[in-house]
Amino acid sequence: MTSFNHYALGAVADYLHRVVAGLAPAAPGYRRLRVAPRPGGGLTHARAAHDTPYGRAAVSWRRAGTELTVEVTVPPGTTAEVDLPGRAPVQAGPGEHVFTCDYRAADDDPPIPATAGPFPLPDPVATS
């Protein structure tokens, strides 16, 4: 469990929940959920869960070749908008749901540039 009370930790955990796993509130108190995973970076699977006032909300996804499979748990008394890449969003009621769609293979993800930002790094050989 990560505390969202410290920005440095909360921002990373928030990104992992909302973007990588794709689980976010669509209304206050998680009365409505938004499930919109965006796999990338060569990742082949992810999952996240959140204990809402209505029960546990969860999403997990995995990529096998060019197929993306997303499993969603929607707590009682809530609904979820499921927005998968390349498909129109659909509404899901309480319960467990499985969705699939075509998506690029993990090996075809765009490369992540490895840069030091705007600050040049010293060459350790040149400064010895």
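Trainee: Which residue stands opposite Glu81 in S7?

Mentor: Good place to start! Glu81 stands opposite Gln91 in S7. Keep in mind that this is a predicted model. That pair belongs to the contact between S6 and S7, two strands that run antiparallel and are joined by three bridges.

Trainee: In which sense do strand S2 and strand S6 pair, and over how many bridges?

Mentor: S2, residues 32–35, and S6, residues 79–82, pair in the parallel sense over four bridges.

Trainee: How should I read the two faces of a strand?

Mentor: The general idea is that side chains in a regular strand alternate between the two faces of the sheet. Now try S6: Ala80 and Val82 form its covered face, while Thr79 and Glu81 form the uncovered one.

Trainee: How do I read a nonpolar core, and which residues touch the most other members here?

Mentor: In soluble globular proteins, nonpolar side chains tend to be buried together. Here the largest nonpolar core has 22 residues, and Val35, Val59, Val70 and Val72 touch the most other members. At least two residues each come from helix H1 (7–21), S2, strand S3 (45–52), strand S4 (55–64), strand S5 (67–74), S6 and strand S8 (95–102). S5 gives the most, with four residues.

Trainee: Which residues is Val72 in contact with, leaving aside neighbours within four places in sequence?

Mentor: Val72 is in contact with Val35, Ala58, Val59, Gly95, Glu96, His97 and Phe99.

Trainee: And what about the chain overall?

Mentor: Let's take burial, surface and contacts in turn. Of the 128 residues in the chain, 32% are buried. The accessible surface comes to about 8,200 Å², with 58% belonging to carbon and sulfur atoms. For contacts between residues at least 6 apart in sequence, 43% join residues at least 24 apart.

Definitions and conventions. Residues numbered from 1 in each chain as written. Predicted model: local features only at pLDDT ≥ 70, side-chain atom pairs only at ≥ 80, totals over all residues. Heavy atoms only, no water. Pairing = 2+ DSSP bridges. Buried < 20%, exposed > 50% of the residue type's maximum accessible area, 1.4 Å probe, protein only. Contact = heavy atoms within 4.5 Å. Areas by Shrake-Rupley, 256 points an atom, 1.4 Å probe, with all protein chains shown as cover. Core = buried A, V, L, I, M, F, W, Y, C linked by side-chain atoms within 4.5 Å.
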